[in-house]
Structure formats: C-alpha cells, structure tokens
Amino acid sequence: MGEKKQKLYLSLPITGREAEERRAYAAEIIDFIAHTMPWYEVVNPLDNKLDYDVHWSKHMKVDIQMLLECDAIYMCTDWQWSHGCKLEHDIATSCGLDVHYHDIQWYAPVKRK
C-alpha cells in the first residue's frame, strides 16, 4: 500500500477576482503541484463549502481550520498583496508548516493577465 500523502494548503489571492478566474488559476497551480511535488495532496480553500457571497471573515475562519490540518502551505503569485494570504502565511510560519512559494521573487508585484 502506498504512503499517505502530506497535505499542502493552497494560498491564493481571491478577493476581487471573478469565480471562473479563481477556479482556473487554482486548477493551473494544482496541476503544477501535481507534476512538481506529487507527494502532496492539495487542500484548496475554494472548496471550503461556503457560498461565494459569505463575508470574508467567515471564509477565513473556515480556511484557517483547513490550513491547520495541513503539513505545508503553497504561496501563489501575488500572495503578499492579499490580506488573507498574508494572514495564512503568518499562521503557517508560526505553526512550523513547510512554506513553498510559486514565485520566488515574491518581493515585487507580478501582474497576471
């Protein structure tokens, strides 16, 4: 029987993006992770079972619970400009989770089309 995969929380900027754009970007990153880090099972906050229009704070409460059940976090491009991603990053680093960055030059803003 295969070894159980570690859980990797996907931290991606969400606010201000249309649902289709968020889903497409998450799918792209999940596919990238599957090919580059196949030992991880991705935990996607877009699958938190809350409606899109539920207040941000309720999403964060559920998302943080999901994060705390993970072994690592994956910081997507532009995470440093997102209040929610910065909070997730702080929690992950404070709790000793492994941190992976999609864009190693995270100190500079990257504009996606």
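The face of helix α3 turned away from its buried side carries the exposed residues His83 and Ser94; here exposed means over 50% relative accessible area, buried under 20% and partly exposed in between, with a 1.4 Å probe and protein chains only. The model is a predicted one, in which local features need pLDDT of at least 70 and side-chain atom pairs count only at pLDDT 80 or more, while totals for chains, interfaces and linings use all residues. Residues are numbered from 1 along each chain as its sequence is written, and side-chain values use heavy atoms, with hydrogens and water left out.

Helices (H or I, at least four residues) and strands (E, at least two) are DSSP runs, numbered from the N terminus. The twelve residues of α3, 83-94, should span 16 Å at 1.5 Å a residue, and the 17 Å between its end C-alpha atoms agrees with this; the expected span is 1.5 Å times one less than the number of residues. Buried in α3 are Gly84, Cys85, Glu88, His89, Ile91 and Ala92. These residues lie on the same side of α3, because they cover an arc of only 165 degrees around the axis, taken from the directions from the helix axis to the C-beta atoms. An α-helix has 3.6 residues a turn, so residues three or four places apart point the same way. The buried residues of α3 pack against β1 (6-11), α2 (56-68), β3 (72-75) and β4 (98-101), with contact meaning heavy atoms within 4.5 Å. Just after α3, Gly96 takes a positive phi of about 80 degrees.

Aromatic rings come next. The structure holds two aromatic pairs, counted when ring centres of Phe, Tyr or Trp (its six-membered ring) lie within 6.5 Å; planes under 30 degrees apart are stacked, over 60 edge-to-face and the rest tilted. Trp39 and Tyr40 form a tilted pair, because their ring centres are 5.9 Å apart and their planes stand at 45 degrees. The pair of Trp79 and Tyr101 is also tilted, at 6.0 Å centre to centre and 40 degrees between the planes. This pair links distant parts of the chain, 22 residues apart: Trp79 is in the loop between β3 and α3, and Tyr101 in strand β4. Trp79 is buried at 6% relative accessibility, whereas Tyr101 is partly exposed at 30%.

One salt bridge is counted, defined as a side-chain nitrogen of Lys or Arg within 4 Å of a carboxyl oxygen of Asp or Glu. It joins Asp47 and Arg23 (3.1 Å, N to O).
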